[in-house]
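Dear colleague,

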Amino acid sequence: MALSCRKLLWQYTNVTLHIFRRSYSTSRDSVKRLLEGRLETTRNEIKVQGWVRSLRSHKGITFVDVNDGSCLQNIQVTLQPESIPSDLTYGSSVEIEGTLVPSTHKGQRVEVKAEKVQVIGPCNHEEYPFKVKTRHSLDYIRQYSHLRCRTNVFGALLRVRNAATMAIHSYFQDNDFVLINTPIITSNDCEGAGELFQVEPTNKVQSTEIEPNNDSNNASENFFGKPAYLTVSGQLHLEVMASALSKVYTFGPTFRAENSQTRRHLAEFYMVEAEIAFTQGLEDIMQVMEGCVKRAAQRTLDKCSEDVELFFKYIAPNQRKILNVILQKPFVRLSYTDAIQILQKKKGKFKFPTEWGCDLQSEHENYLVQHCGDTPVFVTDYPACIKPFYARENQDDPATVAAVDLLVPGVGELFGGSLREERLDILQEKLQKFGLKEEYDWYLDLRRHGSVSHGGFGMGFERFLQCILGIDNIKDTIPFPRFPHSCQL
Ligand code: 4AD
Ligand code: MG
């Protein structure tokens, strides 16, 4: 009995020591939490790990700014000359233990009085592409896709991107949409534009590896038994799901083999898509588009104000004004036919034609946005001949379909959407015309069994970030941009 009591006491002491040690020296405090005064311990002894952003000496004391990516701001650390390691330089990674004390530095309440400084990874700052206290251009930092996350501006972008992702999910979750993971590999070309990346293994599958009696054994050389591609849109899969769950959405990588080297095209981008059943008209989906932009943009600003502010200050000085219009004013509604008339009335020619039936080019989109007061504009009811097979034919004007694009300042097209043709006979006829009737028999099944009016849209997530932050080049909104002739890392 006495022995087990002693054992218990020993164990208790050990556990207490362990907890004390953990809370004192092994738990790391993020810079964000330190600056907010939210410590991992109740004591003022703290440990911070991060990268040195600047280093300066003044009256026998050295000031080091450390950033760990948890927020835009650095924490200031003060060091006595004798505790400065020789390899402590700009760009090195460090671990600092010390005490959190009130700061005399303007703009921050606290700073760290260092007791122990350890360089974890030195940095050859002569070869390091970013220079201390220098504001490099986005074009310059883009050349270093493996290092640009260490710059203030790209760190801010990544935190905004994270907050915007969560804000978009919140919008759909709060409005009872069900998240569907639509496939990345698919056998359909939803948009019918032929901008597909085909998927095949690098090593051909040996026929012995295929189970006997498997239909695909002799049928085809293709891995999946038929050609398969990286998805250009999850829409058709969402239509399947909306026909049972009513309101669904997806948010995932999307691929387009477009040979476009523009400031708003990527070969791999993220798309937010939603599909809604029992719609009464195009207005039903336009309201969701508008709600999604406004709510997600506002939430992102609230969550990441400091990071967003950096873009307003250094990248796009006019952006706050533009964003206020987006957030506060109702979006303009304009039919394609009216849009064409506006374009035709413009003095001075556009590079591309503006006849009824022509697709709107980015110069047209920008002009329409400007013409309507630098505010987002829904363009509706496009000619059937320039929209995909699934768009619903307008009853009062069969030459047009109930399709809608949302054009926004600085970007142009942000969303594409439509009501879907739910009437079996009309859809059958259309698919026949496109030579797709056999391939899309499953799609016709949705119309054969309990068909309902429905519609949806897709929003390019990187274009959304361009739109709220005023970023000119889409390649600066995604961690690792992919575009023709470039697939770094
Ligand atoms: O207009 P899109 O092609 O529409 C569709 O794919 C529909 N099936 C979506 C749906 O209804 N569920 O693409 C939707 C949006 C565009 O408005 C644009 O913002 C973005 O996706 N997008 C691109 N973003 C970056 N790079 C590209 N290459 C893009 N292509 C389209
Ligand atoms: Mg489109």
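The charged end of Arg135 sits over the ring of Tyr314, 3.7 Å from its centre (the criterion being CZ of Arg or NZ of Lys within 6 Å of the ring centre and within 35 degrees of the ring normal). Please note that this is a predicted model, in which local features need pLDDT of at least 70 and side-chain atom pairs count only at pLDDT 80 or more, while totals for chains, interfaces and linings use all residues. Residues are numbered from 1 along each chain as its sequence is written, chains are lettered from A and ligands numbered from 1 in the order in which they are written, and side-chain values use heavy atoms, leaving out hydrogens and water.

Lys475, likewise, lies over the face of Phe483, at 4.6 Å from the ring centre.

Turning to ring pairs (Phe, Tyr or the six-membered ring of Trp, with centres within 6.5 Å; planes under 30 degrees apart are stacked, over 60 edge-to-face, the rest tilted), the count comes to 23 aromatic pairs. One of them joins Phe130 and Tyr140 edge-to-face, at 6.4 Å centre to centre and 75° between the planes. Phe130 is buried, with a relative accessible area of 2%, whereas Tyr140 is partly exposed at 26% (buried is under 20%, exposed over 50%, partly exposed in between, with a 1.4 Å probe and protein chains only).

Best regards
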